Structure formats: structure tokens, C-alpha cells
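Subject: Model for your files, with notes

Hello,

Please find the structure below, followed by notes on what was found in it.

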Amino acid sequence: MRRKTALVLLAASAAASAQEATNTPAATQPSQGKWTLREKFQYVRSGAQPDGAVAGTEKVLANTIVSYGLAREWSLTLDWTALAAFDDRDAGGSDREYGLYDPAVSLKWRPFQWDLGPVDSVRLAFIGGLELPLGTGEFSSHSWDPFAGAVFTAILGRHGFNAATQYKFNTGSGAAIGRAGDTGDDALRYDLAYLFRLSPSAYTADTTAATYLTFEVNGLYETGGDHEVIVGPGLLYEARRFALEATLGLPLIRDVDHRQRTNLVLTAGVRFLF
Amino acid sequence: MHANSTRTYLGITVLAGAAFLAGCATTASTAHGNHGEEVITTPTATLVVHGMSCPLCANNVDAQLMDIQGVRSVDLDMGSGEVKVSFEQGAAVTHAQLARAIERSGFTLVGLSTP
């Protein structure tokens, strides 16, 4: 089974909601009875496979996240990713494959919320979910993989901070599909994001949109020993009913022996609130 | 002795943290508890809402209030947290309906007044 890498540092359970950096979950969610739709497009460039059969891989991913507000503190999220992978063979030539990663369904519960002022808020949420073996061919792990985690969000004036962690139990036999965090070992994700509101400097009655500069640290440790951390800046534009986002991700730590190392992650996305 | 002190300190910290979380969670979830079912007879009402940290978040407030039958428009000032709600003529919107809408939106209602 070939090993390919796509470091998709989007937590499978991330709810598509506001004040959330591109690849780091936030303790925010759609309000009761409302939907959010989030579409993220990623370009991921990876290095050689450990066995040397492939010199490098480029992937284009389309990640769709739909969230529904069940109650004030509860939301339900469905998350799935379609991808196209292009391998450069050392022996010459290239391969091209298309497929779907395993989708995930999750619940987010926000038991703690402290709204300090008109803008300021501190929140804590817990996430639990299941990755379903519904992906295509070798892009599926063929196992039911539960995951659980916590998300902390603090928004103080123009500054926003998110910290999230999530542990996934990979219950399968270890059939690698090239998806980081889904290679048969359990996976611990840890994400940090800082958001600075570039404009407006202060909200007024006329405010209908805001622009943020973001910086993220997205880590993934697998119990097999692989550890990778991607860092990078981004921009987020939020209007009243939609948001646009773009980020650049570069490797900071690449202690990876069992799969391809990530060289570059580019992400662009859009979010809608219904 | 040193280990016991450390354990005691950790225990106190955990208990204090739990009490803090419980207190804050209660504050947020009971924000609409003081608003009754009396019908608002004025053409507008002003709410003060906390926690609307971004435009997309704030739209949840808009959406929940506009779902109330009889609400004509919602004007929102994210800077002050003031949300001005205008009613259709003859509408029978209650204080409790407005409070419930803010509750459902996921934010904290700290004030509700009519002119």
C-alpha cells in the first residue's frame, strides 16, 4: 500500500463558525436552528515517500463542513473532503488519483461562556465525534474512528485567541491512506491561533464587516512517533453572512518517518451562515 | 510534607476553577430569566447584548430576532452591544420572546428596555 501525505490540518470536527482561524477550531458555533456551510480548498505539496517510490506528491483538496445549531450550547457538524492527488514517480512518469477521505460527524458542547462586554468573550467547548469508513478505496481507513477534544476561545477587543486539542483513536489495522493522522496510529492534534482585527479598529453601528490577520500553529503527533507542526499567517474577511479566508502553511517541525513530509499548505475558503 | 502541600494546592485550584466555571455558566444561561410574557406596546425595543465579537457572530442575533413574528427590522451596534428592534404595527411581541431569541443566538442579554 502506498503511503502518501496530505497534512490536512483541519480538525475533522471544526464547526464552521465565526472568529475561527482557517485550520484551528474555535468554541463558536451556529445559533439554534441555523446552519453554516464552510468550503475550504487546499493545495498541499509533500516530499518523497519513505520507500522512495514517489519523489513528491501534490494534492488539491476540497473540504466541506456543514454545522447545525441544535441548541444554545450544542451543534452538530458533518465534515468531508474530496481530493485529487498527483504523484511524481522516481522511475519517471506520474500518477493521478481522485477520491474521498472518510467523513466525520461530531457534536460540539459549549458548557462555559463568559461574555465580558459587547465584544469580549471567553468560551470553552468540548467536541466528540466519529470518523466513518465511507471514503473511497485507499483514501478510507476502513475503520470507525472516534475522536474527542476541547476548544478554548478568548476574544478581547481586537485580539482573538484559540487553542484546541483533539485525540483520535484509530481503530483500524493500520492501512495507510496518506492522510496525516489517519495512518493506523492514534493521533493527537493541537492547534493554536491568534487573530488580530486589522479593521475596523473599533466596531460602530455602521460596521458590517471586519478583516483579521491570523497566525496559526497546527501540530499533529501520531503514536507511531511522527510529529509535524505547520505554522503560518493568514487573512480572514468576515461580513454579516459570509466570510473569506486564505492562509499559508509552512513546516516548523518535520519529525516524520512513516509517511511523506509536508512542504507547503495553501488554503482558501469561504463560509456562509444561513 | 511537600507532596501533601502540592496535592492540597492542586485540589484547591481545581475546586476554585470548577466553582468559577459553574458560576459563569449559570450567569450566561439565565440571562433571560427576568423577562416576562407582557406584550411590548412601543414600536421599538432596545436590547444590550454582550459577546458579539465579529460580524458573522452578530448575524446570529439578527437571524434569531427576525424569526419572531412581528419583528420588522433589527439594527445592531457591535461596538456598544445595542440592538434596536422595530416592530410591525399591531405586533404582539413579548419581552420573553426577545430574551429567548438572544438566548438561542448564543450570546448574553444584559439589558432590555422600551422607550
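Confidence and numbering

The average pLDDT of chain B is 78, with 70% of the residues scoring at least 70. For the complex, the predictor gives an ipTM of 0.81 and a pTM of 0.83.

This is a predicted model, in which local features need pLDDT of at least 70, side-chain atom pairs count only at pLDDT 80 or more, and totals for chains, interfaces and linings use all residues. Residues are numbered from 1 along each chain as its sequence is written, while chains are lettered from A and ligands numbered from 1 in the order in which they are written.

Chain B: the fold

Chain B contains three helices and four strands, in the order α-β-α-β-β-α-β from the N terminus. Helices (H or I, at least four residues) and strands (E, at least two) are DSSP runs, numbered from the N terminus. Of the 115 residues in chain B, 37% are buried. A residue is buried if 20 or more other C-beta atoms lie within 10 Å of its own, exposed if 12 or fewer, and partly exposed in between, with C-beta atoms placed from the backbone. Taking contacts in chain B between residues at least 6 apart in sequence, 69% join residues at least 24 apart.

The four strands make an open sheet in the order β2-β3-β1-β4 (chain B), with antiparallel pairing. At the edges are β2 (71-77) and β4 of chain B, each of which pairs on one side only. From one strand to the next the twist averages 25°. Two strands count as paired if DSSP finds at least two bridges between them. Between β1(B) and β3(B) there are five bridges in the antiparallel sense, and Leu47(B) is opposite Val83(B) in β3(B).

Why is α3(B) described as largely enclosed by the rest of the structure? Eight of its eleven residues are buried, among them His95(B), Leu98(B) and Ile102(B). Their cover includes β1 (44-50), α2, β3 (82-87) and β4 (108-113) of chain B. After α3(B) comes Gly106(B), with a positive phi near 95°.

Where the chains meet

In the interface, 27 residues of chain B are in contact with 32 residues of chain A. On the chain B side, α1 (2-29), α2 (55-66) and α3 (95-105) each supply at least two residues. α2(B) gives the most, with seven residues. By type, the chain B side divides into twelve nonpolar, twelve polar and three charged residues. Ala, Val, Leu, Ile, Met, Phe, Trp, Tyr, Cys and Pro count as nonpolar, Asp, Glu, Lys and Arg as charged, and the others, Gly among them, as polar.

One chain A residue to look at is Leu273(A), in strand β13 of chain A. Leu273(A) counts as buried because it has 27 C-beta neighbours inside 10 Å. Not counting residues up to four places away in sequence, Leu273(A) touches Pro30(A), Lys34(A), Thr36(A) and Arg241(A), together with Leu56(B) and Asn59(B).

β11 (residues 227-238) and β12 (residues 242-255) of chain A run antiparallel and are joined by ten bridges. The hairpin between β11(A) and β12(A) has three residues, and Glu238(A) has Ala243(A) in β12(A) as its bridge partner. β12(A) also pairs with β13 (residues 262-273) of chain A, antiparallel, over eight bridges. Here the hairpin has six residues, and Gly249(A) is opposite Val265(A) in β13(A).

Regards

Note on methods:
Two residues are in contact if their C-beta atoms, placed from the backbone, lie within 7 Å. pLDDT is the predictor's confidence in each residue, from 0 to 100. Axes are lines fitted to C-alpha atoms, for helices over the stretch in contact, and angles run from 0 to 180 degrees between N-to-C directions.
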